[in-house]
Amino acid sequence: MGGPFARGPREQSDEPLPGFKLAYPMLAADGRSCGFSGVTLGRAHVYRAVDDAICAHGSRHACPSRWCDCGFYCFHEIGSARDLACEPDHRSAVLLEIAASGRYRRYERGLRYARQRVRTVRIGRCECGRPAELLADSGAGSVGWRRLLPVCRSCAADRPVLTPDRFGELAGRITVALEPAATGAAPASAVPAEDPGAVALLHAEVAVLHARLDETLARVEHLQTTIDELTRGQP
Ligand SMILES: [Zn+2]
Ligand SMILES: [Zn+2]
């Protein structure tokens, strides 16, 4: 390809290329559809499960352009997306497994590309650290869209929530999976605590010892009085 494509992206793929990224789950104001918004560039724009990139800066060029930073982004490795999710700013994001297609540019750790299909959404942790099971209204959003927040059942309390399945349905029948919780830290319930039975028994034994000591002291006192009386009685 030459002419008008000379400055375009170097590569083009009709075969979908797998990738991983973070996104915020979004619910339309009318509650009838779900989408995603970027965690860095293009935060204000909501994209659908299957969508084409548009320029985040309002230019009308095709994405991704060599002269602009717009377009969809993804990592090659799931680990890179998980690493990014540890940052405080990204803790409320979900992890997407995507298929990239169309024009793309390759980077060391990922791609910038034109067309995207979200294959799977992975929900990680609640802000409290427990595994998230639901998506609640976060209170944040953009025009026409509410941003959802992954939460555990206790933090969800009585807030309005979507189940992962419902989110998947509203996003266009995509799979939503709950990430396994274990990543090194154990829940407090798994850390051995003192046996409450043994503690109660120890308390009871100490109480008996105190009673015996009191009894002994009383006897000593009684003996002392007797000795004093006897001594006083002596000439
Ligand atoms: Zn652009
Ligand atoms: Zn929680």
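Which residues does Leu134 touch, not counting residues up to four places away in sequence? The close-ups below take this up, starting with its surroundings.

This is a predicted model, in which local features need pLDDT of at least 70, side-chain atom pairs count only at pLDDT 80 or more, and totals for chains, interfaces and linings use all residues. Residues are numbered from 1 along each chain as written, chains are lettered from A and ligands numbered from 1 in written order, and side-chain values use heavy atoms, without hydrogens and water.

**View 1. Contacts of Leu134.** Leu134 touches Leu149, Pro150, Val151, Arg153, Ala156, Val161, Leu162 and Thr163 (contact: heavy atoms within 4.5 Å). Leu134 lies in strand 8, residues 134-142 (strands: DSSP E runs of at least two residues, numbered from the N terminus). Leu134 is buried at 7% relative accessible area (buried: under 20%; exposed: over 50%; partly exposed: in between; 1.4 Å probe, protein chains only).

**View 2. The site of the zinc ion (ligand 2).** Cys126, Cys128, Cys152 and Cys155 coordinate the zinc ion through SG atoms at 2.2 to 2.3 Å (donors: N, O and S atoms within 2.8 Å of the metal, 3.2 Å for Na, K and Ca; water is not among the atoms, so sites may look incomplete). The site is tetrahedral, with angles of 106 to 116° among its four donor atoms (tetrahedral: four donors, all angles between 85 and 135 degrees). The donor spacing is C-x1-C-x23-C-x2-C. Cys126 is buried at 3% relative accessible area. Cys128 is partly exposed at 39%.

**View 3. Tyr73 in strand 5.** Strand 5 covers residues 72-75. Tyr73 is partly exposed, with a relative accessible area of 35%.

Technical notes. Helices (H or I, at least four residues) and strands (E, at least two) are DSSP runs, numbered from the N terminus. Four donors count as tetrahedral if all angles lie between 85 and 135 degrees; four count as square planar and six as octahedral if opposite donors are over 155 degrees apart and all others between 65 and 115; anything else is irregular.
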